[in-house]
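Visitor: I am new to this structure. May I ask how its features should be read?

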Amino acid sequence: MRIIKVEPEKPNMEIIREAGKLLREGRLVAYPTDTVYGLGTNPFDIHAVKNLLRVKKRDRELGLPILVSDEIVARRVAEFTPEAEILSRNFWPGALTLVLKTSIKIPSIVTGSRKNIAIRLPSHKVPQLLAKYLDGILIGTSANISGKPPALNAHQVQEQIGRDVDMILDSGETLCEKPSTIVDLTQKPPIILREGKISQQSLKKVISLK
């Protein structure tokens, strides 16, 4: 495992390429985001995803969220509802995860054997660039053991899962201690599954919620 410093706004592309190559090979890379540190791998490599779940000690039935490189990829991966269009226009890139019906075939180990996917466009250059090495789609779960506090810096990632990851990209402390807010748009009306950085009040200003 290596810890490599990376600038959040203008990351060194040699470092990004090296991390991207590891991800393509099905390795595990921890990286900074606009919320907490994330743990990524190739979502289409089932062995890699199984390994990630083992490292996190996460129940595979829960599924895993994904981060995308841009909105074009998001619309290729998921079926956007009118509410999703409104929310993405107001809060993306940013700390809002949308649960939508999938529009491409994604391994059941990622979706938790459901026909939905939790998807987010982060406002952080590092995961956006990393996702491009995987056709725009990167596993975007938090870089911690399930049930433990999320990692807010590279040292906390190392303490929890450092032995089992291949690289940690370190851009210092995260700017937010909260994870993303998750909204399930497969429900009518939509429902908040987790309130994080973006408040329920902010969401209710643009759409109706259950």
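Predicted model: local features only at pLDDT ≥ 70, side-chain atom pairs only at ≥ 80, totals over all residues.

Visitor: Which strands does β6 pair with, and in which direction do they run, parallel or antiparallel?

Guide: Pairing is read from the bridges between two strands. Strand β4 (residues 66–68) is joined to β6 by two bridges, and the two run parallel. Here I66 lies opposite I119 of β6. Strand β5 (residues 96–101) runs antiparallel to β6, with four bridges between them, and L100 faces I117 of β6.

Visitor: Is strand β6 mostly covered or mostly open?

Guide: A residue is called buried when its relative accessible area is under 20%. In β6 (residues 116–120), four of the five residues are buried.

Visitor: Which residues of helix α6 are buried, and what covers them?

Guide: Six of the eight residues of α6 (residues 125–132) are buried: V126, P127, Q128, L129, L130 and A131. Their cover includes α1 (13–24), β2 (29–31), β4, β7 (137–139) and β9 (167–170).

Visitor: Where do R17 and E14 lie in helix α1?

Guide: They are three residues apart in α1, so about one helical turn separates them. R17 is partly exposed at 38% relative accessible area, whereas E14 is exposed at 51%.

Conventions:
Residues numbered from 1 in each chain as written. Heavy atoms only, no water. Buried < 20%, exposed > 50% of the residue type's maximum accessible area, 1.4 Å probe, protein only. Pairing = 2+ DSSP bridges. Contact = heavy atoms within 4.5 Å.
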